[in-house]
Amino acid sequence: MQQITKSLVQQVIRPRTQESHKGNFGRVLTIGGNQNFGGAIIMSASAAVYSGAGLVTCATAPQNFVSLHARLPEAMVVDYQDEKKLAELIPQMDVIVIGPGLGTDATALAVLKFVFAQVRPQQNLIIDGSAITLVAQEKLALPQAQIIFTPHQMEWQRLSGIPVTQQTPTKNQAIQQKLAATVIVKSHRTEIYLPDSTIMWQNPVGSAAMATGGMGDCLTGILAGFLAQFSADRAQTILAAVYTHSAISDQLAQKQYVTLPTQIIAALPKYMAEMAS
Ligand SMILES: NC(=O)C1=CN([C@@H]2O[C@H](COP(=O)(O)OP(=O)(O)OC[C@H]3O[C@@H](n4cnc5c(N)ncnc54)[C@H](OP(=O)(O)O)[C@@H]3O)[C@@H](O)[C@H]2O)[C@@H](O)CC1
Ligand SMILES: Nc1ncnc2c1ncn2[C@@H]1O[C@H](COP(=O)(O)OP(=O)(O)O)[C@@H](O)[C@H]1O
Ligand SMILES: [Mg+2]
């Protein structure tokens with residue numbers, strides 16, 4: 001298993017050309033956040049904005065509109081049940097995140113199925129949280145897209161059928177290859193399985209200071225922001241996002257017992273400037 005390195009991150013996060021504008025840094029759509037889990041999609045959208053995505057739109061339950069606007073005025077917002085608007089928006093996107101706080105009820109399933117029907121083959125589709133659980137439960141066929149699954153170990157058990165205690169790299173990779181997608185199995189030492197590569201990667205950074213609700217939601221936004229804007233090799237960009245999430249926590253954990261997702265989000269611009277210099 002190969003370890004992700006800081007120098008790989010430094011190759012991905014490059015200084016911006018001075019003539020650039022927001023259109024050069026990609027469009028992201030984050031979809032999720034039911035009436036109980038609004039925080040999850042707010043953190044995902046925030047991480048996309050703070051990691052530098054050019055334009056971020058959040059499709060969520062209307063109950064979250066006010067809090068989302070108050071916390072993150074940079075993001076645009078749309079009702080995730082408004083199929084007409086979603087059908088207009090989806091084709092414009094470079095990266096779509098679906099799942100943080102989506103829930104697993106009938107509304108969630110309808111939103112997920114609609115997005116699967118609309119997504120285009122060249123688009124990045126990050127499938128997280130409840131959306132992974134729904135794909136597994138409902139045995140949904142995957143759409144043609146550049147899919148990245150971000151399961152924690154129990155979500156991976158649901159999707160792969162491999163019990164948490166038996167999730168070895170060899171078994172994980174066999175299922176990942178059947179899925180023909182990127183799979184990021186999150187744990188204390190997160191593992192990344194990439195399509196078109198037999199090399200398995202491990203994230204060497206991060207700690208138990210990250211063991212707090214919303215931490216995976218935050219990762220989805222960093223992945224989206226990185227994929228939206230960086231021109232490095234796609235696999236390297238994904239690995240750099242995973243490393244960055246945990247490396248920021250490690251910096252904060254020098255002085256903090258726990259590192260909150262919102263604190264990692266706030267620290268993204270400074271960490272990225274350090275990497276780009
Ligand atoms: N602020 C918000 O709005 C937040 C909203 N959120 C949203 O909630 C939705 C549900 O997501 P979820 O992860 O909370 O629940 P679920 O899928 O049932 O998994 C938990 C089960 O798995 C088990 N488990 C085993 N290994 C594990 C591991 N390595 N890491 C983690 N769990 C592990 C674990 O075991 P136990 O804790 O019992 O030991 C438990 O039995 C999802 O959409 C998410 O985005 C959250 O992000 C929180 C903040
Ligand atoms: N002990 C730990 N050491 C390192 N990283 C951790 C640890 N606990 C959690 N994490 C990281 O925090 C994130 C948790 O993701 P997830 O369980 O999906 O959270 P949530 O759904 O609450 O947002 C993952 O990126 C995981 O690697
Ligand atoms: Mg999660």
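UniProt positions are given in the numbering used here, feature names are shortened, and annotations may be inferred rather than shown by experiment. The model is a predicted one, in which local features need pLDDT of at least 70 and side-chain atom pairs count only at pLDDT 80 or more, while totals for chains, interfaces and linings use all residues. Residues are numbered from 1 along each chain as its sequence is written, and chains are lettered from A and ligands numbered from 1 in the order in which they are written.

An unreviewed UniProt entry puts a "binding site" feature at Lys186, Ser187, His188, Arg189, Thr190 and Gly216. These positions are spread over 31 residues of sequence, yet they cluster in space, with a largest C-alpha distance of 13.5 Å. His188 sits in the loop between strand E8 (182-185) and strand E9 (191-193); helices (H or I, at least four residues) and strands (E, at least two) are DSSP runs, numbered from the N terminus. The unreviewed UniProt entry also places "domain: YjeF C-terminal" at residues 5-275. Over that stretch the chain is 46% helix and 14% strand, and its end C-alpha atoms are 12 Å apart.

Now to the ligands. Ligand 1 is surrounded by 20 residues, the closest being Gly39, Gly129, His152, Met154 and Gly213; a residue is near a molecule or strand if its C-beta atom, placed from the backbone, lies within 6 Å of it. Helix H2 (38-50), H6, H7 and H9 each supply at least two residues of this shell. By class, the shell around ligand 1 has six nonpolar, 12 polar and two charged residues, where Ala, Val, Leu, Ile, Met, Phe, Trp, Tyr, Cys and Pro count as nonpolar, Asp, Glu, Lys and Arg as charged, and the others, Gly among them, as polar. Around ligand 2 there are 17 residues, with His152, Gly206, Ala211, Met215 and Gly216 the closest. Helix H9 (residues 215-229) gives the largest share of that shell, four residues. The shell around ligand 2 splits into five nonpolar, 10 polar and two charged residues.

Next, the helix packing. Helix H6 (residues 129-137) and helix H7 (residues 153-160) have axes that come within 8 Å and cross at roughly 25°; axes are lines fitted to C-alpha atoms, for helices over the stretch in contact, and angles run from 0 to 180 degrees between N-to-C directions. H6 and H7 are therefore roughly parallel to each other (under 35 degrees counts as roughly parallel, over 145 as roughly antiparallel, 65 to 115 as roughly perpendicular and the rest as oblique). On the H6 side, Ile132, Thr133, Val135 and Ala136 meet Glu155, Arg158 and Leu159 of H7, contact meaning that C-beta atoms, placed from the backbone, lie within 7 Å. The contact of H6 with H7 has four nonpolar, one polar and two charged residues.

H9 and H11 pack at about 25° with their axes 9 Å apart, and are therefore roughly parallel to each other. Here Met215, Asp217 and Cys218 in H9 meet Pro261, Ile264 and Ile265 in H11, giving five nonpolar, no polar and one charged residue.

For helix H10 (residues 234-253) and helix H11 (residues 261-276), the axes come within 10 Å and cross at roughly 100°. H10 and H11 are therefore roughly perpendicular to each other. The residues of the contact of H10 with H11 divide into seven nonpolar, five polar and no charged.

Note on methods:
Two residues are in contact if their C-beta atoms, placed from the backbone, lie within 7 Å.
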